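Thanks for coming. I will take one model today and go through its sheet and its cores.

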Amino acid sequence: MKILVTGANGQLGQDVVRIFTEKGHDVLACSRQDLDITNQLKCESIILAYQPNAIIHCAAYTAVDAAESDEDGAYLVNTVGSRNIAVAAEKVGAKVCYISTDYVFDGNSTVAYREYDNTDPQTVYGKSKRAGEHLVQTLSSKYYIVRTSWVYGAHGNNFVKTMLKLGAEKPSLQVVHDQVGSPTYTVDLAYFLEELIQTEYYGIYHASNIDSCSWYEFAQAIFEEADLKLELLPCTTEQFPRPAPRPSNSVMDHLSIRTNGLRDLRPWREALKEFISEFATK
């Protein structure tokens, strides 16, 4: 297939480009410099010229705290940019796979969120991503919305790399224990996306590594797998106030993966073990 990837230099985008290429697809990797998704004419020009079969739309404004004071910036990228991609994709008959987030929910549920549960984002970031979802659903006739959570990988900054760095430098760390979610390894998510876009199972998907943990338990596992010895102390969300409220529950049920007969991602601890062993050798 001919695949166009937006946000190709991002944390997920780089693994999507690599894995789709390894799988034999013709991939056009578009970084922010190559494709300004906020420019509708530019989007149409590049997409019409390339004529992709599918677009993996990874480009996003992901600075959760900064978005609280830069509402227009977040909506410009996450909402207007996604509209531009969807409109151009529809003109060439391309499928659109929009990468979204657990932040579209309120984060207060006592059970895992299913794909078609009511959304209620509590942050500018979450609201702008939900608005992007809505426009993709409205403007594209062949779409997949893939919500994910707690993403980490070899590229860019993320929790795992931060913990590994701090764990090697500090004798003790405090990590919040009252926020629960499912870590997601970019490589595993990219393999899932590669399988998904070859189907016509359109709709909304929740995709993360299976099982869940708190940030504190995630940090514990990172230090165990990396064989780092330090004192890890649990703390509450209230002890670390941030401009954007963090969801206490980010766990998402993978109902669509199951009901469409797709292969789910492996348990998060297995993925973490592989990432740390590979990351340590680089």
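By contact I mean heavy atoms within 4.5 Å. This is a predicted model, where local features need pLDDT of at least 70, side-chain atom pairs count only at pLDDT 80 or more, and totals for chains, interfaces and linings use all residues. Residues are numbered from 1 along each chain as its sequence is written, and side-chain values use heavy atoms, with hydrogens and water left out.

Start with F218. Leaving aside residues up to four places away in sequence, F218 touches W150, Y152, F159, V160, P183, C213, W268 and L272. F218 is also among the residues with the most contacts inside the largest nonpolar core, which has 54 residues. Such a core is a set of buried Ala, Val, Leu, Ile, Met, Phe, Trp, Tyr and Cys residues joined through side-chain atoms within 4.5 Å; buried is under 20% relative accessible area, exposed over 50%, partly exposed in between, with a 1.4 Å probe and protein chains only. Another core, of 31 residues, lies apart from that one and includes C43 and V77.

Now the sheet. Six strands form an open sheet in the order β2-β1-β3-β4-β5-β10, with parallel pairing. Strands are DSSP runs of E, at least two residues, and helices are runs of H or I, at least four, numbered from the N terminus; two strands pair if DSSP finds at least two bridges between them. β2 (26-30) and β10 (203-206) are at the edges with a single partner strand each, so one side of each has no neighbour in the sheet.

Last, S128, in helix α5 (residues 124-139). Buried or exposed? S128 counts as buried because its relative accessibility is 0%.
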